[in-house]
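Look at the chain as a whole before turning to its parts.

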Amino acid sequence: MAESRIAAFNDEPEVKITSMNESEMKFELSRMSLSMANSFRRVMIAEVPTLAIDAVHITQNTSVLHDEFIAHRLGLIPLTSDSYSKFSYARDCNNCAAGCGQCQVKLTLDVRCTSDEVMHVTTEHLLSELEGGDQPVVPATSRARGQYETEHPILICKLNKGQSIRLTAYAKKGFGKEHAKWSPVTGLGFEYDPDNALRHTFYEVPNMWPKSDHSKLPADEHEADYVYDKEPDRFYFSLESSGALPASQICMAALDQMYNKLLLIEQSLSSKIDDIHRIKDAGQ
């Protein structure tokens with residue numbers, strides 16, 4: 001049994017994409033271990049780099065929301081991050097001590113309500129110094145700003161007549177393990193036993209549980225017979241992007257991160273083994 005598990009683990013994984021667009025992707029993975037598939041899921045959520053607002057300097061705020069509330073809302077706005085690889089982490093930037101064009105992007109918000117109607121301040125009012133070009137850094141809802149009107153901009157706050165907000169924000173590179181605002185994923189479905197044959201979940205009343213889209217049982221059956229010696233061999237993913245990165249790019253970036261982690265482990269183990277051999281040779 002152990003040999004068969006190792007063999008299955010070492011097989012080249014197979015990927016079947018069932019549907020894909022800019023913001024969503026559904027695919028199946030097979031010939032892969034459960035631990036590796038789950039690692040892939042976790043890396044997509046927490047370790048794919050993006051850009052998000054991390055510092056806000058407010059010079060004027062006469063709205064009903066206090067400064068910290070507005071700064072928090074700005075931080076959670078997804079920014080287009082196709083160019084994340086061009087930026088350094090602020091903590092690792094060798095070109096500056098307090099921020100530069102290599103590690104941050106400047107955004108500004110300067111609005112004032114002059115009418116009797118309530119003004120909705122949205123991401124359309126948040127302007128970036130990197131607006132143009134093939135890889136702009138702008139709110140995800142404004143990815144095509146200038147090409148057509150944004151249908152659903154994100155609301156930041158509301159202003160009454162005479163109220164105003166003026167601020168400067170700085171977007172920096174990070175990943176979801178540091179803070180959720182850097183995660184490019186809003187939803188990630190992960191399923192590997194649609195008929196519960198492995199009994200990793202307990203169904204007290206099986207027919208009360210919603211049937212999986214991937215179920216292979218007849219319509220009148222709700223749970224497969226228990227298979228005690230089976231290993232998961234097919235994994236169903238349903239990925240939804242926040243808009244920071246296209247869904248397909250999230251997958252590719254996650255694979256790069258996993259490869260780098262495994263390469264680091266391999267190098268560390270090789271170094272340790274070499275040290276052991278040197279110690280043994282010296283002892284002889």
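What follows describes a predicted model.

Begin with the secondary structure. The protein chain contains 4 helices and 10 strands. Followed along the sequence, these elements come in the pattern α-β-β-α-β-α-β-β-β-β-β-β-β-α.

Next, consider the overall dimensions. The C-alpha trace of the protein chain spans about 75 × 70 × 35 Å along its principal axes. How does the radius of gyration of the protein chain relate to that of a compact globule of 284 residues? Such a globule would have a value near 19 Å, but the protein chain has 25 Å.

Now ask how the residues are packed. Of the 284 residues in the protein chain, 37% count as buried, where buried means under 20% relative accessible area.

The surface can be described in two ways. The protein chain exposes about 17,400 Å², and carbon and sulfur atoms supply 50% of this area.

Helix H2 covers residues 34-46, which is 13 residues. From its first C-alpha to its last, H2 reaches 18 Å, close to the 18 Å expected at 1.5 Å a residue. Which residues of H2 are buried? They are Ala37, Phe40, Val43, Met44 and Ala46.

Note on methods:
Residues are numbered from 1 along each chain as its sequence is written. This is a predicted model: local features need pLDDT of at least 70, side-chain atom pairs count only at pLDDT 80 or more; totals for chains, interfaces and linings use all residues. Side-chain values use heavy atoms; hydrogens and water are left out. Helices (H or I, at least four residues) and strands (E, at least two) are DSSP runs, numbered from the N terminus. The radius of gyration is taken over C-alpha atoms; the globule rule is 2.2 Å times the number of residues to the power 0.38. Buried means under 20% relative accessible area, exposed over 50%, partly exposed in between (1.4 Å probe, protein chains only). Accessible areas come from the Shrake-Rupley method with a 1.4 Å probe; for residues, only the protein chains shown count as cover. The expected span of a helix is 1.5 Å times one less than its number of residues.
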